[in-house]
Every structure is written in C-alpha cells, then in structure tokens.
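Here are my notes for your first look at this model. Keep the structure open and find each residue as you read.

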Amino acid sequence: MIKRVTALLAAICLMAPALPALADVEYFEGWTPEIIEGYWTHDSEISRMIKYTAVYDSIGEQYHEPDKEEFNANSPAIYTARLISNISAYAEKDTTAERVIPGKNDGVPVEVLFVGTYWCVVRKGNVLGYAKREKLTNFQNAGTNTIPYGVQKHSYVAKTAKITYVRIAMSSEDPYWVVLKPGTTLTIWKIMNGWAIVNYQRCYGYIDLNDLTDLVPVSPTDTPINDETPIAAYTSYYGMSQSETNLNRLNNIQVACAFLRRVIMPGETYNCNKIWGPYREATGYKQAPVLINGETKPGYGGGTCQASSTIYNALIQLPGIEIINRHAHGPSGAAYLPHGVDAAVGDDSKNLNLIFRNNYDFAIRIDAQSNDDGALCMLIYRATDAEVAAAQAAKTASK
C-alpha cells in the first residue's frame with residue numbers, strides 16, 4: 001500500500017496543467033517544483049523512475065520487455081558491445097543483485113541479445129545477465145542484424161481527440177505521467193489490447209485508443225504508402241512544471257520546431273547550430289536549464305537539445321539520411337530518451353551540434369510539432385512536387 005500511495009503522489013506531481021483544476025495542486029513533502037523540473041536529469045532519479053514502474057502495483061496491464069530467461073546460450077546476438085571499465089552485468093535488473101558477469105578494469109566484451117529502454121540482456125560465454133544501456137559502449141551489428149543501434153521505428157501517428165492521459169498502465173484507474181491537450185499530435189510505438197504504447201522517458205506510457213483520432217500508419221520503408229503517411233516518426237516527452245525556467249524551455253522548443261519545419265532537398269546538408277543559432281535572447285531564446293556533460297546550468301536555448309534529439313531519433317530510421325555530426329550530453333545522456341540516442345546542440349563547442357545530409361534522390365519534409373503539454377513530435381515525409389516547388393520559390397524570394 002505504501003508503494004502504491006508513493007507512486008500515486010509521484011504521478012500527481014508530474015501532471016501537466018491541461019486540467020485547470022489541477023494547476024494549483026499542492027506539492028507533497030519533498031517534491032518541490034525545482035526537483036520535479038530536474039526530475040529526469042540524473043541517473044539516480046532515472047533509476048528511481050524505473051524501479052517505480054517495476055514495483056508499482058498497477059491495476060492495468062503493462063508491456064513487459066523480454067527477460068533473460070527467454071534467451072539461452074544459442075540465441076542469436078543482435079549486437080556486440082563492451083561493458084565499460086569495472087562495470088558488471090547482474091542476475092536481475094538491479095545493481096544490488098548478484099554480479100553474474102564481473103567487471104574488469106579494461107571492460108568486458110559481451111554479446112547483446114536484447115536492447116530495452118533502460119536495460120539490455122547480455123551474454124558472456126554461456127552466462128546471461130542484465131546491463132544498463134549507459135554502461136555499454138562500442139555497439140556493433142552482429143550476424144545478419146541490419147538495424148543500427150538505437151533505432152526504434154514508431155508505427156502510427158495520431159491526434160488526441162480530447163484531454164488525454166498518458167498512463168503508467170493500461171487502465172483508466174491507473175495514475176499517469178502527463179496530460180495532453182486535445183489536438184496534440186503524437187506517435188505510437190505499438191498497439192496492445194486497445195491501448196497505444198508510447199515511449200515515455202526511459203520506460204513506457206499507455207494511451208486509451210478511444211482518446212485518439214486521425215490514426216495514420218507510418219510507412220515501414222522509406223517509400224510512403226501515400227502522401228499522408230510519414231516515412232519516419234518519433235515523439236519524446238518533457239516535464240510540465242510551471243516554473244519560469246521550464247516555461248522558458250517550452251518557448252525554446254517551439255523556436256527550434258519552427259526552424260525544423262522545412263523541405264530538405266536531395267544532397268542538402270542541415271546544420272542545426274548554423275540554422276538555429278546563435279542561441280541568444282535576440283534570436284527568440286530564453287534562459288532555461290542546459291545539460292552539458294551531465295551537468296545542468298542555466299543558458300539561452302535550453303530545451304533545443306530535446307528538439308535535436310527527437311528529430312535525430314526520426315532521422316536514424318531512414319537509411320538515406322547520413323548523420324555527419326552528433327554528440328551526446330555526457331556519459332548518461334539526456335534522460336528524456338533511452339540512452340545512446342540523444343543529440344546535443346549549442347554554441348560553446350563545435351562538437352555539440354547535429355548535422356545531417358539528405359542522400360536520397362528525393363526531397364524530404366520535416367514537420368515538428370509541440371502543443372506545450374508534454375509531447376514533442378517529429379514527422380518526416382517524402383516531399384510532394386508542390387512542396388518542393390513552394391520551397392524553391394521561397395528560397396528564390398529570400399535572395
């Protein structure tokens with residue numbers, strides 16, 4: 001019962017202010033707005049979230065990632081990787097559990113059998129265990145696997161038909177991570193038992209399909225089903241604290257989204273810092289928390305990294321898009337996404353930039369959407385002839 005109450009209070013504190021009656025909710029002891037705003041920043045807090053979803057006595061069903069017992073010594077590996085220095089793999093998804101693959105000073109090479117949002121199933125010889133994604137490095141495709149590490153293809157795009165709850169399990173009686181406004185565009189990883197499963201930070205969220213409308217499939221390849229179907233899509237989620245710094249962050253996300261909404265021609269290179277920057281008040285940015293090398297500090301443009309990281313997760317689904325430059329936010333990465341798929345931008349370093357090139361023989365169109373309610377959606381389409389002509393005309397007019 002204590003765990004259940006604690007989970008409920010935590011979920012209440014993370015609500016978005018989409019419902020006016022909830023906007024004035026009092027924070028419970030220990031849950032200040034400042035803590036909530038930075039809730040996902042540090043590894044210890046991420047661990048707390050993962051443990052919370054694991055121990056919470058949910059009413060509804062939850063999607064369960066494969067356990068190591070579903071694999072054996074003969075299971076095909078999808079990647080090879082290396083545990084970083086002195087890091088072990090464990091018998092359970094818990095760093096206090098038995099170390100079944102002990103760490104070494106120079107690291108340990110392992111085979112990766114499954115990659116989850118937070119934990120991987122790894123193998124050394126005949127021994128299987130769990131390792132955190134952030135404690136693995138040097139991922140390489142193994143065998144016949146052709147999916148680059150970190151790619152997760154989302155299957156559908158939809159809009160919220162009304163006030164919509166991203167819940168912690170598949171029941172309307174379960175608490176929720178965030179509340180979305182009507183008309184919010186989001187992407188769905190998969191559908192299960194009448195519920196949409198979405199990536200929420202480093203775990204999962206669940207949306208009742210009855211709350212969604214305009215369901216459109218994402219093309220499984222880079223050839224669209226029709227003009228209305230994107231060829232890649234991804235949604236990340238952000239906190240909805242009403243502190244000034246977080247509201248500034250929402251402003252900066254909107255600025256970055258505006259820069260992303262464009263047609264990119266065949267052979268064209270898109271340089272985020274060049275197009276989005278400089279990150280200054282004069283260019284529309286406000287001061288918000290900036291994550292650099294795992295440390296959070298105030299800076300103009302805080303929040304733009306979530307835009308660059310989210311579009312990065314859509315881009316890597318497409319083999320015709322070349323990532324020229326991408327840099328993480330430090331060893332632990334940005335906690336609003338699974339480890340290894342964030343992309344930092346910023347003025348202070350040439351490395352902190354996302355640069356990509358369209359190597360397709362057709363133009364692509366990016367649609368970036370945020371409804372200021374916790375969801376940041378990136379959609380990539382094959383541009384139509386009319387969209388290409390309009391983009392070329394606009395470029396000519398600006399000269």
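1. Start with the aromatic rings. A search of the whole structure, which is a predicted model, finds 13 aromatic pairs. A ring pair is described by two things: the distance of the centres and the angle of the planes.

2. Take Tyr 200 and Tyr 237. Their ring centres are 5.4 Å apart, and their planes meet at 40 degrees. Planes under 30 degrees apart would count as stacked, and over 60 as edge-to-face. The pair is therefore tilted. Now look at where the two residues sit. Tyr 200 belongs to strand β13 (residues 195–200), and Tyr 237 to strand β16 (residues 232–237). The pair thus ties together parts that are 37 residues apart in sequence. Are these two residues buried or exposed? Tyr 200 has 2% relative accessibility, so it counts as buried. Tyr 237 is buried as well, with a relative accessible area of 1%.

3. Next, compare Tyr 270 and Phe 356. This aromatic pair is stacked, with 5.1 Å centre to centre and 15 degrees between the planes. It links distant parts of the chain: Tyr 270 is in strand β18 (residues 269–271) and Phe 356 is in strand β22 (residues 355–358), 86 residues apart. Tyr 270 has a relative accessible area of 0%, so it is buried. Phe 356 counts as buried because its relative accessibility is 1%. The cut-off for buried is under 20%.

4. Rings can also form groups. Here, ring pairs link Tyr 63, Trp 189 and Tyr 204 into a cluster. Elsewhere, Arg 382 lies over the face of Phe 362. That distance is 4.0 Å from the ring centre.

5. Now turn to a sheet. Three strands form an open sheet in the order β11-β8-β15, with antiparallel pairing. Which strands are at the edges? They are β11 and β15, and each pairs on one side only. From one strand to the next, the twist averages 25 degrees.

6. Check the pairing strand by strand. Strand β8 (residues 156–160) pairs with strand β11 (residues 185–188) over four bridges, in the antiparallel sense. On this side, Tyr 156 stands opposite Ile 188 in β11. Four bridges also join β8 to strand β15 (residues 212–217), and these two run antiparallel. Here Val 157 stands opposite Val 216 in β15. Lys 159 stands opposite Thr 213 in β15. Trace these facing residues on the model.

7. Ser 171 lies in the loop between β9 (164–167) and β10 (176–180). It counts as buried because its relative accessibility is 11%. What does Ser 171 touch, leaving out residues up to four places away in sequence? The contacts are Ile 59, Gly 60 and Trp 195. Gly 60 is 111 residues from Ser 171 along the chain, yet their C-alpha atoms are separated by 4.5 Å.

8. One more loop residue deserves a look. Glu 134 is in the loop between β6 (127–132) and β7 (136–141). Its relative accessibility is 9%, so Glu 134 counts as buried. What does its side chain contact? The side chain of Glu 134 makes a polar contact with the side chain of Ser 332, at 3.4 Å.

Note on methods:
Residues numbered from 1 in each chain as written. Predicted model: local features only at pLDDT ≥ 70, side-chain atom pairs only at ≥ 80, totals over all residues. Heavy atoms only, no water. Pairing = 2+ DSSP bridges. Buried < 20%, exposed > 50% of the residue type's maximum accessible area, 1.4 Å probe, protein only. Contact = heavy atoms within 4.5 Å. Polar contact = N/O pair within 3.5 Å; in protein donor to acceptor, adjacent residues only side chain to side chain. Axes fitted to C-alpha atoms, helices over the stretch in contact; angles between N-to-C directions. Phe/Tyr/Trp six-rings, centres within 6.5 Å; stacked < 30°, edge-to-face > 60°. Lys NZ or Arg CZ within 6 Å of the ring centre and 35° of its normal.
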